Amino acid sequence: MIAAMPSAISLNTSIEDLHNFKIARLGQILSHKLAKALASQVHKKDSAAVTVEDLLNYFPMRYEDRSRPALIKDLHEGAEASLELTVTKTNGYAVRNPRGYGRSSLYIFEVYGIDGPMTGKEVIVWWFVSGRRAYDIVKYYTAKLERGTRFITFGRWEWEGRRSTFKLRLNNAADELEIISPTTTDDPEQSEENQPDPQLAGVHVGRRVPVYRKLGEFNSKRVREIVHAVLSLLSDKAIEETLPADLRHRAGLIGRAKAVREIHFPPLDVSMDDYEQSKSPAHLRMIFEDFFWVTFAIGFKRGQREKELKAAPMRIDRNVKNHIASVMPFKLTNAQRKVTAQIFEDMQSRAPMNRLLQGDVGSGKTIVALVAMLAAMENNLQTAMMAPTEILAEQHARTIKRLLARTPYRVEMLTGSLRAAEKRHLQNALKEGEIHACIGTQALIQEAVAFEKLGLVVIDEQHRFGVMQRAELRARGLNPDVLVMTATPIPRSLAMTVYGDLDVSIIDELPPGRTPIKTLVFGEDQRQEVKKLITREVKAGRQVYVVYPLVEESEKMDLKDATRRYEYLRDTVFPRLTVGLLHGKMKPAEKEKVMNAFVAGEIKILVSTTVIEVGVDVPNASVMIVEHAERFGLSQLHQLRGRVGRGAEKSYCILLTSDKKTAVAEERLGIMAQTNDGFRIAEKDLELRGPGELLGTKQSGLPEFRIGNIVRDQAILEQAKKEAEFYLAKPKAVVTAKMVARIKEDPRFGLARIG
């Protein structure tokens with residue numbers, strides 16, 4: 001553990017001021033660069049606002065025990081080990097050149113190394129180098145790793161029989177290989193950011209060390225030196241304790257100062273396995289702290305909302321219900337009727353509604369939302385519906401305008417791509433109360449948008465929006481009712497955190513006449529079968545989606561991009577059929593033209609990126625083909641599959657994959673083929689990818705968990721929530737008042753205006 005030295009440095013010290021403390025060759029320019037790199041990690045717009053606390057919350061991605069590095073003689077097949085090696089030679093060679101001319105864009109780079117005591121035959125460390133600059137990168141590594149250079153690397157070693165030695169493949173050489181003593185000093189990576197401090201050489205060897213992801217231009221070694229220096233200047237008193245002593249005792253947690261020091265530099269008496277599995281005392285403390293404050297803030301926010309009052313509860317009597325029924329083109333399902341009753345009950349109460357409407361792809365959530373909007377309009381209130389993409393907003397606007405065509409209600413669409421004059425005209429009409437239902441994208445929460453009397457806000461596909469954006473929209477009206485819709489079923493752990501301030505309604509049946517979708521996983525060698533299926537379905541009068549992960553060709557990944565494949569399908573494979581192209585970079589008018597042509601049946605095959613993932617509804621489409629399906633997450637694949645199967649005809653979802661599938665991708669695709677159950681798929685997706693990736697932490701509406709994982713650490717999450725409820729149940733206690741003051745001061749929770 002690092003001994004503390006008394007100093008004026010604190011957790012609130014600006015990173016830009018670190019140069020004042022003579023830290024590890026960190027001057028004014030480098031302090032600014034470090035602050036800028038950290039700002040992007042902690043989602044702060046101003047690098048001047050980045051503090052020492054933000055730096056100490058940049059936790060290691062893994063740890064290495066360099067107190068006892070392994071030797072070559074200790075290696076065996078599959079061994080995970082850290083070795084300190086000296087370069088004997090390097091070799092970079094081209095793998096292939098698909099064009100047959102010019103330089104290759106894919107190389108293998110190999111480093112041969114021997115350990116200090118020379119306990120075995122030299123081993124090989126290798127990795128792929130790809131892209132347009134591959135040749136230059138290979139030259140750079142050759143110069144950097146010249147004979148005699150000492151380095152440390154870590155990973156899973158495998159035996160290669162052909163060369164009778166062990167080899168190690170690196171996925172990211174910048175993060176996984178660390179040079180201890182370069183033979184030259186004119187190394188580009190030893191530029192000012194990464195010049196090591198000779199006095200701190202002991203930080204890197206002969207001990208257990210943290211390994212960090214590259215932070216801007218700062219490599220793991222430099223981050224380690226800076227964190228070590230900062231911790232040595234911070235007193236334990238400066239690392240303020242945030243949890244009460246009785247809570248720490250009940251939960252068996254160590255103090256915060258000890259946890260902060262030990263999460264970066266593991267002590268010798270703690271199991272390294274515990275560190276690798278995030279189960280060390282330091283990890284358990286920081287994970288608990290993460291969960292406690294989030295669940296406390298959500299619980300507090302929910303309590304405050306329940307005390308709030310609307311301007312007036314709505315009146316939804318028989319006349320209102322009869323008028324709504326006369327507008328609807330069909331009867332609601334039993335499940336739709338059940339959730340509508342729950343929504344009406346909320347709308348008629350004094351407290352504002354904050355309800356989550358869950359329903360699998362195609363279950364009819366939009367109709368339920370429209371029923372709620374009509375109820376609000378019948379009460380002379382305005383309504384707003386916010387969608388994550390312009391394509392979805394356009395579709396909602398088209399559907400709602402059609403259904404309300406014979407009513408006196410004016411429906412308009414407000415999106416970011418409208419001309420300034422059109423926007424101003426609509427904003428004035430909203431302010432005057434002339435527009436009854438406004439459908440839009442994030443343009444609805446811009447400062448210039450004001451409503452005369454906003455009564456209901458509907459947010460579609462909540463996982464694309466944040467709680468803060470939701471709060472912005474609520475602030476536009478008289479504390480309106482809020483209905484959030486999602487086709488991504490919410491596992492329990494997410495219901496406790498991300499959606500903890502919402503009541504939940506579930507549509508658990510599909511409308512009648514839907515045929516289950518048949519899902520098939522095909523490899524590259526089965527393309528002819530796919531072509532036959534497309535031809536057969538189009539001949540039968542139906543339509544097809546072909547989805548690609550990228551719009552333009554990636555130089556790093558061998559992916560088929562939508563634009564080039566569209567041209568190939570149009571000109572070569574299906575020259576007699578109408579093939580269309582849709583992607584996010586097109587102008588709104590172009591997108592609308594393509595979507596209208598597809599809806600009208602003029603386009604038979606629509607080549608698209610994932611812009612059609614959410615909500616697009618074309619009942620005649622019966623085939624969804626997903627190229628490079630291994631690149632998509634489960635929920636995304638489920639959403640894409642939900643674009644078909646919306647009519648009575650049998651529908652197909654073909655997941656085309658390359659041979660480069662990982663084990664996780666293989667498992668993902670297998671689940672898609674087995675089930676159409678959105679809840680099972682969501683649980684599995686959360687398990688495979690974790691909450692950060694599943695929700696997109698920037699969009700999840702919660703402060704990003706620094707270290708907690710709500711799947712892996714669900715037991716800690718439940719314990720933290722229980723403790724948060726314990727304190728919230730005693731609102732007048734001094735300790736609870738202090739906790740409330742703390743979360744109000746923390747901008748992550750957006751609670752400054754509450755209470």
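Predicted model: local features only at pLDDT ≥ 70, side-chain atom pairs only at ≥ 80, totals over all residues.
Colleague: Thanks. Now to helices. What should I know before looking at one?

Modeller: An α-helix has 3.6 residues a turn, so residues three or four places apart point the same way.

Colleague: Is α9 largely enclosed or open, and why?

Modeller: Of its 27 residues, 20 are buried, so α9 is largely enclosed by the rest of the structure.

Colleague: What is there to see in the loop between α8 and α9?

Modeller: Ser278 sits in that loop. To read its backbone, begin with the general idea: most residues other than glycine have a negative phi. Ser278 has a positive phi, near 60°, although it is not a glycine. With 13% relative accessibility, Ser278 counts as buried.

Colleague: Where does Asn380 lie, and is it buried or exposed?

Modeller: Asn380 lies in the loop between α12 and β11, and its 64% relative accessibility makes it exposed. The phi of Asn380 is also positive, near 60°, in a residue other than glycine.

Colleague: How do I describe two helices that pack together?

Modeller: Two packed helices are described by the angle between their axes and the distance between the axes. Take α10 (residues 318-327) and α12 (residues 365-378): their axes are 10 Å apart, at an angle of about 130°. Therefore α10 and α12 are oblique to each other. The crossing of α10 past α12 is right-handed.

Colleague: What are the angle and axis distance for α13 and α19?

Modeller: Helix α13 (residues 390-403) packs on helix α19 (residues 588-599) at about 55°, with 11 Å between the axes. That makes α13 and α19 oblique, too, and α13 passes α19 in a right-handed crossing.

Colleague: What lies in the loop between α19 and β20?

Modeller: Gly601 is in that loop. Gly601 is buried, because its relative accessible area is 18%. Gly601 and Ala621 are 20 residues apart in sequence, with 9.1 Å between their C-alpha atoms.

Colleague: On to sheets. In what order do the strands of the 7-stranded sheet stand?

Modeller: The order is β12-β13-β11-β14-β15-β10-β16, in an open sheet with parallel pairing. At its edges are β12 and β16 (503-507), each pairing on one side only. On average, neighbouring strands in this sheet are turned by 20° against each other, direction ignored.

Colleague: Which strands pair with β13?

Modeller: Strand β11 (residues 382-386) pairs with β13 in the parallel sense over 4 bridges, and Thr383 stands opposite Ala437. Strand β12 (residues 411-414) is also joined to β13 by 4 bridges and runs parallel to it; there Val411 stands opposite Ala437. Between β12 and β13 the chain goes through helix α14 (residues 420-431), in a right-handed β-α-β crossover. Both faces of β13 (residues 437-440) are covered: Ala437 and Ile439 on one side, and Cys438 and Gly440 on the other, are all buried.

Colleague: How many bridges join β10 and β15?

Modeller: Strands β10 (residues 354-359) and β15 (residues 481-486) pair in the parallel sense over 5 bridges. The bridge partner of Gln358 in β15 is Thr486.

Colleague: What is the strand order in the 6-stranded sheet, and which strands are at its edges?

Modeller: That open sheet runs β17-β22-β21-β18-β20-β19, with parallel pairing. β17 (517-522) and β19 (579-582) are the edge strands; each has a single partner strand, so one side of each is left without a neighbour in the sheet. Inside this sheet, β18 (residues 543-547) and β20 (residues 605-608) run parallel and are joined by 4 bridges. The bridge partner of Val544 in β20 is Ile605.

Technical notes
Residues numbered from 1 in each chain as written. Heavy atoms only, no water. Buried < 20%, exposed > 50% of the residue type's maximum accessible area, 1.4 Å probe, protein only. Helix = DSSP H or I, 4+ residues; strand = E, 2+ residues; numbered from the N terminus. Pairing = 2+ DSSP bridges. Right-handed = clockwise from strand over helix to strand, strands pointing away. Axes fitted to C-alpha atoms, helices over the stretch in contact; angles between N-to-C directions. Parallel < 35°, antiparallel > 145°, perpendicular 65-115°, else oblique. Left-handed = near helix turned anticlockwise from the far one by under 90°.
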